[in-house]
2 protein chains.
Amino acid sequence: MLTELGKKAKIASRTLGCADTETKNRALMLIADSLEENAERILAANAVDMENGRKNGMSKALLDRLALTRERIAGFAGGMRDVTGLPDPVGRVLDDFTRPNGLHIMKVAVPLGVIGIIFEARPNVTADAAALCLKSGNAVILRGGSDAINSNTAICDVMREGLKRSGLPEDCVQLVQDTTRESANALMRLNGYVDVIIPRGGAGLIRAVVENATVPVIETGAGTCHIYVDRDADIDMAADIIDNAKTSRPSVCNAAECMLIHRDIADKALPVICHRLLDKNVEIRGDREVMELISQAKEAGNEDWGREYNDYIIAAKVVGSLDEAVDHINTYGTGHSECIVTENASAAEEFMAKVDAAAVYHNASTRFTDGGEFGMGAEIGISTQKIHARGPLGLNELTSMKYKIYGGGQVR
Amino acid sequence: MLTELGKKAKIASRTLGCADTETKNRALMLIADSLEENAERILAANAVDMENGRKNGMSKALLDRLALTRERIAGFAGGMRDVTGLPDPVGRVLDDFTRPNGLHIMKVAVPLGVIGIIFEARPNVTADAAALCLKSGNAVILRGGSDAINSNTAICDVMREGLKRSGLPEDCVQLVQDTTRESANALMRLNGYVDVIIPRGGAGLIRAVVENATVPVIETGAGTCHIYVDRDADIDMAADIIDNAKTSRPSVCNAAECMLIHRDIADKALPVICHRLLDKNVEIRGDREVMELISQAKEAGNEDWGREYNDYIIAAKVVGSLDEAVDHINTYGTGHSECIVTENASAAEEFMAKVDAAAVYHNASTRFTDGGEFGMGAEIGISTQKIHARGPLGLNELTSMKYKIYGGGQVR
């Protein structure tokens with residue numbers, strides 16, 4: 001069954017991959033219209049998922065993520081229209097040179113082909129991911145969770161109707177109806193039809209994909225971000241940055257989970273920073289030295305280093321040097337976003353060179369690791385792996401490349 | 001055991017990744033000296049492998065690939081020295097912009113970290129791969145086959161001695177001593193220590209890696225290259241290109257395995273092309289129409305389409321249109337290198353846009369898909385996958401990226 005979906009996607013991708021910018025943008029506009037015109041139908045399907053969720057005892061937080069409203073659907077449509085304004089990543093000339101033998105070689109950006117996206121409860125992924133895949137010339141096979149199957153099916157059907165009106169193949173967007181674990185495993189092993197798998201969801205989902213996929217994976221990983229307050233830090237700036245990185249949205253992957261404070265500044269910096277955090281009801285889990293300086297701190301256990309709380313909790317540790325901070329981060333970090341607060345530019349450069357992460361910050365909140373904040377317009381996730389793309393995955397990151405070689409009969 | 005190797009490699013990669021160009025080049029020079037100074041020792045180890053190979057009934061072709069000579073070792077050393085002349089891929093600024101909030105964002109090339117290379121009999125891979133990995137700032141774990149274990153061990157030991165003299169960590173280059181299937185499987189599942197696996201070898205090895213790896217893989221795949229002779233082709237040029245692409249080195253992945261001839265030109269083109277090939281003892285396996293025109297052609301079976309002969313054999317088929325040629329290639333090709341011979345520039349553009357391959361050629365031999373021919377200086381293989389890099393893998397393709405963000409206290 002999945003092989004059939006794969007074949008259809010591959011065939012559709014051949015047409016979509018050669019479509020010009022205007023054709024793709026017109027399709028995105030028609031899909032946006034279709035989403036708004038069919039809002040009632042999508043809401044009716046969502047009501048079934050919500051009802052099932054309540055019956056199955058789904059938590060309030062998850063129900064909230066599952067719930068669609070007319071405004072949320074308008075949001076999908078708006079996001080779809082916004083993507084039409086972004087530059088087309090296909091056809092960019094990445095390199096262009098002529099060899100001594102006269103061969104003219106161009107390296108150009110082309111679509112990846114077929115992208116498989118495996119995601120969890122939130123039905124908004126269905127529309128958001130489809131928009132980015134279509135604009136970058138990729139057919140997409142979506143495989144969402146069983147909790148949102150009715151919502152996802154309605155959204156996908158409506159998007160396919162928009163595609164049909166645009167003249168592009170409907171099969172540019174397909175949804176896997178089977179929501180068993182077997183269908184996810186089959187999708188991630190569909191070599192020859194699927195060119196890349198992008199998991200969007202929690203650590204368990206990502207681990208399962210990394211473990212089982214034979215199709216190449218772009219891993220969008222967890223974030224355990226650290227803020228290192230250097231000996232030469234501006235303490236107020238450090239407090240601002242840590243407060244923001246921890247409390248502005250604790251549930252996201254670019255939120256801070258641990259602060260490391262240089263010993264020479266700890267007695268002055270820790271009280272300022274911790275009182276800011278305690279005022280916002282952040283629990284501080286510190287090592288022995290932190291405990292001595294901050295009476296309200298709780299004792300950190302070994303399991304607190306490298307932990308992604310996604311909550312109003314922060315780990316705190318005193319370090320003796322920049323190198324000790326770097327070692328801690330390279331040992332316990334997830335390679336997402338890491339920050340040094342310092343007025344010493346050479347310390348900052350050293351930290352940024354030695355720390356192994358997608359994004360390294362000097363004097364700014366880790367919360368900026370985001371496609372929108374980086375000016376990409378939209379993103380499909382944050383990559384924490386080393387190959388293909390690292391950091392926010394925007395439209396350019398959804399492309400591959402092709403060498404075009406122009407000759408006049410050259411042989412070797 | 002392999003976890004220990006992984007840990008050592010990761011630690012070594014931290015130092016190597018921050019090493020400047022001069023330090024890396026000096027190390028490569030010292031390793032090259034070390035290889036030449038220790039040629040006797042390497043040859044003695046190779047003699048053991050050769051003797052074992054003969055005892056085990058290894059074929060003459062494989063024995064030839066296994067054999068080292070003083071000249072071959074000088075060749076490794078020369079290749080190592082050549083790599084010092086190539087530009088350092090680390091630190092390249094890939095993007096540089098300032099956001100409206102004042103954040104200055106730079107995207108720079110950084111090493112991948114630790115590269116695992118799994119390869120078969122040829123001991124030259126040990127030295128060649130190490131040179132490229134070191135120059136690109138990556139620690140490397142080499143896992144060769146049992147047939148060459150003594151040669152590989154000697155080469156690796158000698159390279160480590162050169163590294164030691166240079167002051168860089170010896171563990172920048174390590175060899176897995178265990179040559180069982182289990183050690184290869186363990187290496188490709190060493191997430192957290194190994195950042196990418198590159199298999200170098202035949203289809204069986206590559207399939208095993210794709211099937212079993214949990215570490216990201218850069219697939220260097222097989223090549224089933226096609227030459228399409230368009231209706232508007234220059235027939236003599238087509239004959240030159242097909243002759244070269246088939247016979248200049250039939251065993252390599254960029255050699256042609258199939259020619260597709262437009263029906264409108266078949267009766268004129270096929271005799272010219274086929275007689276050139278038959279003169280060089282190339283066996284032609286044709287479809288019915290080819291058989292009618294070329295009496296010496298043998299009948300092609302279904303298994304001949306998409307087959308990598310690596311031999312003096314070529315498949316041949318008459319097609320009715322450019323689209324039929326494209327469909328055949330996208331169905332049976334391996335996405336390596338594909339060529340159109342035509343005097344019609346718009347037909348060439350259409351072919352190059354529609355064919356899904358790493359390299360698409362207009363009027364030139366597919367044999368040019370090679371790092372050296374593309375001006376990269378050296379390559380570690382040809383990627384036929386879509387993510388990270390496609391086509392020849394040179395030094396730039398052995399790097400990842402990192403965002404460096406410079407702020408003045410910005411919060412979100």
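Biologist: What makes the charged end of B:K317 count as sitting over the ring of B:W305?

Modeller: The charged end of B:K317 is 5.4 Å from the centre of the B:W305 ring. The rule asks that NZ of Lys or CZ of Arg be within 6 Å of the ring centre and within 35 degrees of the ring normal, and B:K317 sits over the ring of B:W305. In chain A, the charged end of A:K317 sits over the ring of A:W305, 5.5 Å from its centre.

This is a predicted model, in which local features need pLDDT of at least 70, side-chain atom pairs count only at pLDDT 80 or more, and totals for chains, interfaces and linings use all residues. Residues are numbered from 1 along each chain as its sequence is written, chains are lettered from A and ligands numbered from 1 in the order in which they are written, and side-chain values use heavy atoms, with hydrogens and water left out.

Biologist: How many aromatic pairs are there over all chains?

Modeller: The count is four, where rings of Phe, Tyr and Trp (its six-membered ring) pair if their centres lie within 6.5 Å, with planes under 30 degrees apart stacked, over 60 edge-to-face and the rest tilted.

Biologist: Why is the pair of A:F374 and B:Y403 called edge-to-face?

Modeller: Their ring centres are 4.9 Å apart and their planes stand at 65°, so the pair is edge-to-face. The pair crosses between chains, from the loop between strand 13 (359-364) and strand 14 (382-383) of chain A to strand 16 (residues 399-410) of chain B; helices (H or I, at least four residues) and strands (E, at least two) are DSSP runs, numbered from the N terminus. Both A:F374 and B:Y403 are buried, that is, under 20% relative accessible area, with exposed over 50% and partly exposed in between (1.4 Å probe, protein chains only).

Biologist: What makes B:Y228 and B:F351 a stacked pair?

Modeller: The planes of B:Y228 and B:F351 are at 15° and their centres 6.0 Å apart, so the pair is stacked. B:Y228 belongs to strand 7 (residues 225-229) and B:F351 to helix 14 (residues 345-354) of chain B, so the pair ties together parts 123 residues apart in sequence. Both B:Y228 and B:F351 are buried.
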